[in-house]
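Please take a moment with the sequence and the model shown below, and then follow the paragraphs that come after them.

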Amino acid sequence: MAKSDAPATDDRLVPRLGDDCEIAPDAILGHRHAADADPPVVGDRATVRSGSIVYADVEIGDDFTTGHNAVIREDTRIGDDVVVGTDTVIDGTTAIGSHVSLQTGVYVPTDTVLGDEVFVGPRAVLTNDPYPIRRDVDLDGPTLEDHVSIGANATLLPGVTVGEGAFVAAGAVVTEDVPPGTLAVGAPADHRPLPAELTGGNRIA
């Protein structure tokens, strides 16, 4: 595994890069958030576009791609073949599986878990604080199991689990767990049987 050509500085560590990576000159890999942080590790064939920032203490698999101005904070683990779209923010302490697509402007808070073959549409917002500012509680992000699809502008409340193969419609507000293989529609989201044309899971190449 190679190192980046970018030198280490007081606020940046030299990342460990795999083969055939394309890193934009103004992208930042290895933003140092703590004095004892470790360099980020990125697998083969990564493409990190301009304006994107990957913090230290991040591990990413092969075939990783960002849009522009994506942010991936510390203590994030990402599998293979993952897309993090333009203006998407992953706020750290998060686990993301393989074959995952996070479209433009997605927000992923700390303490969130995403499985394999997960799609999250543009401007979808996941949350982890049930009482912002008003109460001191443990943060608890959503869990998206394998083959989940989340539509554009959907909002997921803290701690909810979206079961394997479930589909959350655009604009839905998910306030409680969505059973596997279920369609969630509306605000607050109502659970319905998954239409036949939406069954079979995701195939994110």
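How many residues lie between β26 and β27 in the hairpin that they form? In this predicted model, four residues separate the two strands of the hairpin, and G186 in the turn has a positive phi of about 100°. The two strands, of which β27 covers residues 190–193, run antiparallel and are joined by four bridges, and L183 has R192 in β27 as its bridge partner. On β26 (residues 182–185) there is also a parallel pairing with β24 (residues 167–168), made through two bridges, in which V168 is partnered by A184.

R192 also takes part in a salt bridge with D190, where the closest N and O atoms are 3.6 Å apart. D190 is partly exposed at a relative accessible area of 42%, and R192 is likewise counted as partly exposed, at 43%.

Across the whole structure five salt bridges are found. Another of them joins the side chains of E59 and R77, at 3.8 Å from N to O; because E59 lies in strand β8 and R77 in strand β11 (residues 76–78), this pair ties together parts that are 18 residues apart in sequence. E74 and R73 form a further salt bridge, with their closest N and O atoms 3.3 Å apart, and here E74 is buried at 14% relative accessible area, whereas R73 is partly exposed at 29%.

L144 touches, among others, L114, V120, I150 and L156.

Notes:
Residues are numbered from 1 along each chain as its sequence is written. This is a predicted model: local features need pLDDT of at least 70, side-chain atom pairs count only at pLDDT 80 or more; totals for chains, interfaces and linings use all residues. Side-chain values use heavy atoms; hydrogens and water are left out. Contact means heavy atoms within 4.5 Å. Two strands pair if DSSP finds at least two bridges between them. A salt bridge is a side-chain nitrogen of Lys or Arg within 4 Å of a carboxyl oxygen of Asp or Glu. Buried means under 20% relative accessible area, exposed over 50%, partly exposed in between (1.4 Å probe, protein chains only). Lists of a residue's contacts leave out its neighbours within four places in sequence.
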